[in-house]
Each structure stands twice: as C-alpha cells, then as structure tokens.
Amino acid sequence: MNTTRHLQRGLSLVELMVGSAISLMIVAVALLALTHHLRESRSLLLETRLMQDLRTATELVAHNLRRAGPISETEDGVRFSHAGAVAEMAYRLRAGVIEMKLGEGYWQAMTDANTLRVATFSITPRVDETVLSGFCARPCAEGSDATCPPRQQVRSLAIRVEGRAAHDPAVTRSAHATVHLRNNALLGACTT
C-alpha cells in the first residue's frame with residue numbers, strides 16, 4: 001500500500017473563519033472611526049454656520065448704525081434714521097429672530113430661525129469724555145466752572161448678539177461689535 005501524503009492546498013475551514021472574523025473586526029473599527037469623524041464634522045459645521053450667521057447680522061446692524069442720526073430705544077429694539085434719509089430704520093428681536101424694518105414697511109427677518117435662535121440682541125449706548133486741556137493756549141484757572149477745559153464727547157454703541165443652533169441647543173456662540181458714532185459733541189471752551 002502506498003501511503004502518500006496529499007499536500008494540503010488552500011485554507012481549512014477554521015482558518016477561513018478566523019480570517020473572516022478578523023476582517024469583520026477591522027471593518028467595524030473603521031466604521032466606528034468614520035461615524036465619529038462624521039459626527040465631529042457635523043458639529044464643527046454647525047458651530048461655523050452659527051458663528052457666521054451671528055457675525056453677519058452683527059456687521060449688518062453695525063454698518064447701518066455707523067451712518068445713523070438720532071437713535072431712540074424702543075421697548076423691543078432701536079429706531080433711527082440716516083442723515084438726509086426719508087425713511088427710518090428699526091431693529092428688534094422677536095421670537096428668536098432679529099428683524100429689520102425700513103420706513104413704514106413690514107418687519108423682515110435678518111436671521112433664519114431654522115438654523116439660529118437668537119437669545120440676546122442688545123444695542124447699548126455709551127458716552128466717553130476726553131479732556132482737551134492740552135489744546136488750550138492758557139491753562140484753565142483753578143476752580144473754574146465745568147466749561148474749562150473743553151471736553152469732547154465720544155459716542156459709541158455696543159452691539160451684542162448671542163444665539164444657539166436650532167438643531168443643537170448645546171452649540172451657543174456670541175458676537176460683539178462697537179460702533180463709533182459721528183458728530184461727537186464738544187463741550188466747554190478754553191479761557192481767553
């Protein structure tokens with residue numbers, strides 16, 4: 001009897017099963033890494049869009065306020081007009097949306113409630129005085145009235161907008177801007 005050993009060719013069933021199990025584990029780890037990456041990308045995209053929307057709204061309000069004449073605060077926002085303009089402009093926050101109104105027209109949404117919910121919209125006026133004593137030819141007399149030395153009033157508005165993503169309330173951001181108004185007032189005079 002001839003006992004020749006047959007040479008084994010291919011894989012046994014056990015080797016094939018072990019190889020398949022290892023391959024499935026590698027694919028599962030790769031899928032977990034991919035889903036984590038996609039989740040992080042979505043979160044970053046939400047934050048970026050939120051910040052862009054807040055900055056755009058803040059800059060648009062700041063641009064219009066830079067050219068503003070007299071500004072009056074209302075219970076829900078601000079109202080102002082530009083020098084030489086016929087129609088007034090107004091901004092307000094209503095139901096998480098910043099709205100703008102031109103003249104006697106309708107309120108128009110500036111922000112999209114489907115992507116951004118504005119929590120805070122404030123425009124705070126500020127007046128700083130700069131003493132101009134160095135511009136007088138003669139120093140002011142000691143104990144002089146409040147008109148000497150002259151002072152310049154520098155008027156500005158602080159704009160603050162805070163909001164959150166509509167689809168993820170945990171994502172919150174804020175934007176700030178300061179607008180220096182024109183026509184600063186000069187108070188007082190130098191002694192002659």
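The buried residues of helix H1 are Leu46, Leu50, Met51, Leu54, Ala57, Thr58, Val61, Ala62, Asn64 and Leu65, where buried denotes under 20% relative accessible area, exposed over 50% and partly exposed in between, with a 1.4 Å probe and protein chains only. The model is predicted: local features need pLDDT of at least 70, side-chain atom pairs count only at pLDDT 80 or more, and totals for chains, interfaces and linings use all residues. Residues are numbered from 1 along each chain as its sequence is written, and side-chain values use heavy atoms, with hydrogens and water left out. Helices (H or I, at least four residues) and strands (E, at least two) are DSSP runs numbered from the N terminus.

**Helix H1**

- Helix H1 covers residues 13-66, and its 54 residues should span 80 Å at 1.5 Å a residue; the end C-alpha atoms are 79 Å apart, which agrees. The expected span is 1.5 Å times one less than the number of residues.
- Thr58 lies in H1 and counts as buried because its relative accessibility is 2%.
- Contacts (heavy atoms within 4.5 Å) link Thr58 to Ile159, Val161, Ala175, His176 and Ala177, not counting residues up to four places away in sequence.

**Nonpolar core**

- The largest nonpolar core has 28 residues, and those with the most contacts inside it are Leu65, Tyr91, Phe121, Ile123 and Ile159. Such a core is a set of buried Ala, Val, Leu, Ile, Met, Phe, Trp, Tyr and Cys residues joined through side-chain atoms within 4.5 Å.
- At least two residues of this core come from each of H1, strand E2 (77-82), strand E3 (89-94), strand E4 (97-102), E6, E7 and strand E8 (172-180). H1 gives the most, with eight residues.
- Leu65 touches Ile71, Phe80, Ile123, Leu157, Ile159, Val179 and Leu181, not counting residues up to four places away in sequence.

**Largest pocket**

- The largest pocket has a volume of about 290 Å³. Of the 17 residues that line this pocket, the closest to its centre are Ala68, Gly69, Ile71, Arg155 and Leu181.
- On a 1 Å grid over the protein atoms alone, a pocket is an open set of points where a 1.4 Å probe fits, with protein on both sides within 12 Å along at least five of seven lines; lining residues have an atom within 4 Å of a point.
- Strand E1 (68-74), strand E6 (116-131) and strand E7 (151-165) each supply at least two lining residues, and E1 gives the most, with five.
- The lining has nine nonpolar, three polar and five charged residues. Here Ala, Val, Leu, Ile, Met, Phe, Trp, Tyr, Cys and Pro count as nonpolar, Asp, Glu, Lys and Arg as charged, and the others, Gly among them, as polar.

**Loop residues**

- Ser133 is placed in the loop between E6 and E7 and is partly exposed, with a relative accessible area of 45%. Its C-alpha atom is separated by 5.1 Å from that of Pro149, 16 residues apart along the chain. Ser133 touches Pro149 and Pro150, not counting residues up to four places away in sequence.
- Cys136 lies in the loop between E6 and E7 and is buried, with a relative accessible area of 12%. Leaving aside neighbours within four places in sequence, Cys136 is in contact with Pro150 and Cys190.
- Ala95, in the loop between E3 and E4, has a positive phi of about 55 degrees although it is not a glycine. Ala95 is exposed, with a relative accessible area of 66%.

Notes. Grid points are joined across faces, edges and corners, and a volume is the space filled by probe spheres set on the points.
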